[in-house]
Amino acid sequence: LGSAPTPFWSERVLALTGASSLGAMPDYLLPPHLLRNLGQKEYDKRKGAALEIEQSIKELRDAGQHERVNDVVYYVVHELAASPQPNVRKGALHALAGVAIGLR
């Protein structure tokens with residue numbers, strides 16, 4: 001019957017979180033400090049992280065790296081917005097707002 005198929009996003013999540021099966025330096029789309037700040041209780045820290053995401057999205061858009069923008073959106077929606085922690089969900093909303101403004 002064969003092995004179970006791996007989800008199409010598994011490689012994307014590996015790339016977004018910086019995990020690497022090759023052991024190379026991680027290429028973060030969302031660096032750990034941004035993920036940490038998106039989950040903070042303080043509004044200003046979440047807002048600051050969203051502003052950094054907005055700037056990153058603008059750079060990716062200008063470079064024509066639309067797949068990486070899709071990866072960021074996918075990660076925010078499926079990993080952060082689905083979190084059981086309310087502050088992380090709030091941070092996901094901030095991040096999505098940053099993405100939307102960055103794509104403008």
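Predicted model: local features only at pLDDT ≥ 70, side-chain atom pairs only at ≥ 80, totals over all residues.
1. Start at Val76. Setting aside residues within four places in sequence, Val76 is in contact with Leu30, Ala81, Ala92, Ala95 and Leu96.

2. The largest nonpolar core has 17 residues, and Val76 is listed with Leu30, Leu38, Ile53, Ile57, Val72 and Leu80 as having the most contacts inside it. Helices H2 (32–38), H3 (43–63), H4 (66–80) and H5 each put in two or more residues. H4 is the top contributor, with five.

3. Now H5, residues 86–103. This helix has 18 residues and reaches 26 Å from first C-alpha to last, close to the 26 Å expected at 1.5 Å a residue.

4. A quick look at the loop between H4 and H5, where Ser83 lies. Is Ser83 buried or exposed? Its relative accessible area is 11%, under the 20% cut-off, so Ser83 counts as buried. Not counting residues up to four places away in sequence, Ser83 touches Val88 and Arg89.

5. Of the contacts with a separation of 6 or more, 60% are between residues 24 or more positions apart. Buried residues make up 29% of the 104 in the chain. The chain exposes about 6600 Å², with carbon and sulfur atoms supplying 57% of that.

6. Last, confidence. The chain averages a pLDDT of 81, and 74% of the residues score at least 70. By element, H5 has the highest mean pLDDT, 95, while H1 (residues 10–17) has the lowest, 53. Two stretches deserve a mention here. Over residues 1–10 pLDDT stays under 50, and the model has three contacts for them beyond four places in sequence. Over residues 20–26 pLDDT again stays under 50, with one such contact.

Terms used: Residues numbered from 1 in each chain as written. Heavy atoms only, no water. pLDDT = per-residue confidence, 0-100. Helix = DSSP H or I, 4+ residues; strand = E, 2+ residues; numbered from the N terminus. Contact = heavy atoms within 4.5 Å. Core = buried A, V, L, I, M, F, W, Y, C linked by side-chain atoms within 4.5 Å. Buried < 20%, exposed > 50% of the residue type's maximum accessible area, 1.4 Å probe, protein only. Expected span 1.5 Å × (residues − 1). Areas by Shrake-Rupley, 256 points an atom, 1.4 Å probe, with all protein chains shown as cover.
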